Amino acid sequence: MSHALQDQRPSRATKSAAPSSLKQGHLPRWAPAGIAAASVALGSGIGSASGLHSKIQWGLIAAILFVVITYTASSIVENRRQAKDRVATSVVWVCFVLALVPLLSLLWTTISRGMKVLDGDFLSHSMNGVTSFEPGGGVYHALLGTIEQVALATAISAPIGLLTAIYLVEYGKGSLAKAVTFFVDVMTGIPSIVAGLFILTTWTLMLGFGPSGFAGSLALSILMMPVVVRSTEEMLKLVPNELREAALALGVPKWRVILKVVIPTAIGGIATGVMLAVARIAGETAPIMLLVFGTQLINNNPFEGAQSSLPLYIWEQYKVGSEASYDRAWGAALVLIAFVMILNLVARGIARWKAPKTGR
């Protein structure tokens, strides 16, 4: 009996051999970085030897080599399944880098060229009395026009978009809600020139009003409204139904539930959506050209007379074609990017401040 039990027990050699058969090779942690460095070196060498002068072509060759070398090394050291996983990860990283390169290039070019003229005088002076071919002048009148026009467009479209989204989420049923959703989707793809032509036909030609910043704000609000509706609608859908049901169970009217429970819960996302919509319209040029006309003077009244804006100012300065006008155009572009970036930072701050607090 004891001999039979001893025969059934696995030997120590068998125990030690079993785990070793399950071990697999693994690439070291520094392998992706090393392969990336080798790929860049090889891509640069191949591009230089082939007579390719574009750094973009060198980068594409390095990206292809990075994926191929990663798959080959992982197949040899690990296994084909792990190699496929590493290839998928490598493709994601390559796409991320390819998307990041033009963004960084754009920022570097704008900052390096815009900083030549960006100072206090540039931000506090207009082009009044300055010839477009000579240095000097500033962007104050265009910055003021952009702030006023965007503020008016936000004041028009944000309440309408918010109320429309509340209707679609809380009340909308049947054919009317479907029709509203359909037209919101259609408005999302409307070109800016079409919105400008619509306001030009109705506000200027039919009603007889002249060019003004408010006319441009009307066109910008048409472009902004569907973005606000869509973003607000998605944020309201994320509010848990349990919160609504708990408030309704206490006998609170539905309008008060929406006002006191639903909107405060989603206010962070709503503010972010509104700011993104503002960033979307801040760079529009076509409606401003049709409805605001542009001016070299400071016009504090957006309801009367021509105004300027940053996108229109950039186009006007670029059209002149002199070295000084090019510098002013890049400076205005840098101011516009900073304006949009500040709005996005404000939106993120509001979203974090108003985010629902989770208890322990």
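Phenylalanine 293 is partly exposed, with a relative accessible area of 49%; buried here means under 20%, exposed over 50% and partly exposed in between, using a 1.4 Å probe and protein chains only. Phi of phenylalanine 293 is near 75°, a positive value in a residue other than glycine. This phenylalanine 293 sits in the loop between H13 and helix H14 (310-320), where helices are DSSP runs (H or I, at least four residues) numbered from the N terminus.

The model is predicted, so to speak of a local feature takes pLDDT of at least 70, side-chain atom pairs count only at pLDDT 80 or more, and totals for chains, interfaces and linings use all residues. Residues are numbered from 1 along each chain as its sequence is written, and side-chain values use heavy atoms, leaving out hydrogens and water.

Now to H9. A kink of about 30° is centred on leucine 200, the bend being the angle between axes fitted to the seven residues ending there and the seven starting there. Ser192, Ala195, Gly196, Ile199 and Trp203 are the buried residues of H9, and their cover includes helix H10 (213-237) and helix H13 (286-291), judged by contact, meaning heavy atoms within 4.5 Å. Just after H9, glycine 208 takes a positive phi of about 85°.

Elsewhere, helix H12 (residues 254-282) packs with helix H15 (residues 323-353) at an angle of about 170°, their axes 8 Å apart. That makes H12 roughly antiparallel to H15, a label for angles over 145 degrees. Among the residues that meet are Gly268 and Met275 in H12, and Phe339 and Asn344 in H15.

Note on methods: Helices (H or I, at least four residues) and strands (E, at least two) are DSSP runs, numbered from the N terminus. Axes are lines fitted to C-alpha atoms, for helices over the stretch in contact, and angles run from 0 to 180 degrees between N-to-C directions. Angles under 35 degrees count as roughly parallel, over 145 as roughly antiparallel, 65 to 115 as roughly perpendicular and the rest as oblique.
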